[in-house]
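Please have the viewer open while I talk.

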Amino acid sequence: MEDGTNFTYMNSLGGDWAADPTQPFLPGGKAQSWSPRVGADEWIWGENVARGVNLGGWLVTEPFIVPSLYEKYVNNSQNITVLDEWTLSLAMGLDLASEMGHHYETFITEQDFAEIAAAGLNWVRIPIGFWAIEAINDEPFLVGTSWTYFLKAIQWARKYGIRIYLDLHALPGSQNGWNHSGKSGDLFGNGVMGIANAQRTLTYLRILVEFISQDQYRDVVPVLGIVNEILWGTIGETSVQSFYYAAYDTIRQSTGIGSGAGPYIAIHEGFQGPAIWEGFLSGADRLALDQHPVNYPNLALFTSQYLAFMGDTSSEWAIATNQSSKAFGITLGGEFSTAINDCGLWLNGIGPGSSNPECPMWDDWASYNASTIASLKQVTLATMDALQNFFFWTWKIGNSTVLGTSSSPLWHYKLGLQQGWVPSDPREAVGHCESVLSSSEIFDGSYPVTATGGAGAGTVLPAQTSSHVFPPPSLAPSFAETQMTLLPTYTPTGTVKTLFAPIFTSAPSANVGTGWNNTADTSSAYVPVAGCSYPDSWDAVNTSLPATPCTG
């Protein structure tokens with residue numbers, strides 16, 4: 001590996017690795033015998049199946065995934081209440097670069113990618129925060145370093161035949177107010193700075209898509225998620241769909257239309273389920289839907305009620321996924337786990353945790369008996385089959401310095417693989433749900449033609465475009481149509497940043513790209529209007545609406 005250490009790559013599923021340090025952009029590895037080789041073989045949705053894991057907690061930290069990183073600073077001399085990466089960064093102070101850099105360097109390495117391929121997986125979903133590009137004002141995040149490690153991820157993924165779903169996991173102002181959005185608390189979409197934060201996000205999406213659309217990287221990063229777990233219920237249907245259309249249009253203005261022109265664009269279903277999205281932007285070019293089904297039954301594991309519940313739930317998810325695949329297009333299970341409850345250290349954020357009295361038992365994964373492991377494996381297999389193109393959350397959970405081991409075992413793919421509640425070959429899940437589905441409920445692999453960039457792709461019906469204009473006519477329930485002109489906005493007059501490329505010491509003359517794929521894309525970046533003062537973009541509740549609009 002890069003640090004001089006060695007490991008032996010063991011892949012019993014027909015996979016191989018391929019890398020030439022002097023020619024870093026040659027075709028790469030083959031994750032398994034049945035997975036297309038990266039850079040040489042085309043990935044065909046409907047024929048190839050994405051079986052993946054998330055690399056959660058790596059480039060966007062999360063307390064329950066990397067507890068030791070947070071435990072070191074929970075009690076700090078500045079009396080900062082550490083809850084999320086924002087407050088963690090403040091608590092780290094002058095040590096931010098070294099502490100976060102060490103985390104990036106050690107939490108996920110090349111060996112993880114080798115082990116992921118050996119586990120029968122062929123995709124990873126990598127969450128990233130906007131601070132990979134920049135931070136402004138008093139945003140305390142470490143800027144740019146996470147991008148350095150994402151570039152390493154691209155090379156490791158290429159080497160072992162893994163494809164990447166790049167997910168913009170944390171947006172300016174927060175899209176859900178949860179700790180994994182960068183800062184817990186308020187959220188951008190329904191606040192005074194909602195429009196401005198969304199405009200800023202559109203610029204960041206352009207920057208990301210221009211980089212990954214370059215020939216050197218496009219085969220490794222075929223999917224871009226524009227937002228993780230946006231809160232539809234708080235932000236509102238009109239605002240969410242308006243932003244989604246603006247993001248789609250911004251990206252396709254940069255990439256062009258049709259198969260191979262930039263990545264697939266993934267939108268999150270807002271915890272509304274797939275059905276509500278049927279017909280949204282009908283005819284859009286390669287628009288994918290990402291669902292994150294979560295259901296804690298709070299039933300004893302071995303009861304008939306529990307088994308019936310899981311059977312009903314998995315079949316419902318399978319039916320919904322199949323119908324969405326037929327009507328909408330590529331439908332991904334971007335996050336799921338084996339969890340049957342909310343047990344785990346800091347799973348619900350730093351604090352006292354779940355009130356479930358059985359949590360000590362579930363956290364003691366070393367004491368699970370064979371019957372428990374077998375039942376948990378059925379949960380894993382049923383969910384994998386129901387979601388089909390899936391990404392388990394998450395690949396690994398780091399150890400707690402307090403507990404001396406890892407917590408949240410049912411969210412820990414690598415541990416489940418070792419202990420037996422995750423299959424050594426995920427193809428074992430195939431057919432788990434089919435016996436309970438009628439013939440009309442089965443998906444045959446044929447997506448709508450526009451969903452894969454075929455004929456007519458990008459021809460969105462005028463009724464759709466006119467009903468999803470950005471900015472939206474109102475930010476209900478927060479602001480009425482008559483108040484919209486008072487909301488602060490940014491202006492598209494700034495200089496667009498470009499993301500830096502990797503440096504290859506063994507191939508100093510390699511063409512690594514400019515960071516910008518489409519030279520004809522010359523639109524400017526959204527930036528503050530000169531002469532205007534802006535309220536706190538991270539405060540959606542306590543900021544007052546300006547009395548008059550500012551024109552600079």
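Predicted model: local features only at pLDDT ≥ 70, side-chain atom pairs only at ≥ 80, totals over all residues.

Arg286 sits in the loop between strand E5, residues 264–268, and strand E6, residues 287–291, and its phi is near 50°, a positive value in a residue that is not glycine.

You will find Ser174 in the loop between strand E3, residues 163–170, and helix H6, residues 194–212.

Staying with the backbone, let me turn to the cis peptide bonds. Trp393 and Thr394 are joined by one, with omega about 15°, and Thr394 belongs to the loop between strand E8, residues 390–392, and helix H12, residues 413–419. A cis peptide bond also joins Phe470 and Pro471, where omega is about -5°, and Pro471 lies in the loop that runs between helix H13, residues 462–467, and E9.

Two further loop residues deserve a look. Asn341, in the loop between strand E7, residues 331–336, and helix H10, residues 359–363, has a relative accessible area of 5% and is therefore buried, the cut-off being under 20%. The C-alpha atom of Asn341 is separated by 27 Å from that of Ile128, which is 213 residues away along the chain.

Phe500 is found in the loop between strand E9, residues 490–494, and strand E10, residues 525–528, and, once neighbours within four places in sequence are set aside, Phe500 is in contact with Gly144, Trp147, Thr148, Leu151 and Phe211. From Phe500 to Asn75 there are 425 residues in sequence and 36 Å in space, taken C-alpha to C-alpha.

Following H8 comes Gly256, whose phi is positive, near 85°.

One packing partner of H8 is H6: the two axes are 9 Å apart and the helices pack at an angle of about 35°, in a right-handed crossing. On the H6 side the contact is made by Ala198, Thr201, Leu202, Leu205, Arg206, Val209 and Glu210, while H8 contributes Phe243, Ala246, Ala247, Thr250, Ile251, Ser254 and Thr255. Sorted by class, this contact of H6 with H8 has 8 nonpolar, 4 polar and 2 charged residues.

Next is the pair formed by H1, residues 67–74, and H3, residues 96–107, whose axes come within 11 Å and cross at roughly 160°. H1 passes H3 in a right-handed crossing, and the meeting residues are Leu69, Lys72 and Tyr73 in H1 and Glu99, Met100 and His103 in H3. The residues of this contact divide into 3 nonpolar, 1 polar and 2 charged. Within H1, the buried residues are Pro67, Leu69, Tyr70, Glu71 and Tyr73, and what covers them includes helix H2, residues 85–92, as well as H3.

H3 also packs with helix H5, residues 145–160, at an angle of about 15° and with the axes 10 Å apart, which makes H3 roughly parallel to H5. The crossing of H3 and H5 is right-handed. Here Gly101, Tyr104 and Glu105 in H3 meet Thr145, Ser146 and Tyr149 in H5, and the residues of that contact divide into 2 nonpolar, 3 polar and 1 charged.

That is where I will stop, and I am happy to take questions.

Terms used. Residues numbered from 1 in each chain as written. Heavy atoms only, no water. Axes fitted to C-alpha atoms, helices over the stretch in contact; angles between N-to-C directions. Helix = DSSP H or I, 4+ residues; strand = E, 2+ residues; numbered from the N terminus. Left-handed = near helix turned anticlockwise from the far one by under 90°. Contact = heavy atoms within 4.5 Å. Nonpolar A, V, L, I, M, F, W, Y, C, P; charged D, E, K, R; others polar. Buried < 20%, exposed > 50% of the residue type's maximum accessible area, 1.4 Å probe, protein only. Parallel < 35°, antiparallel > 145°, perpendicular 65-115°, else oblique.
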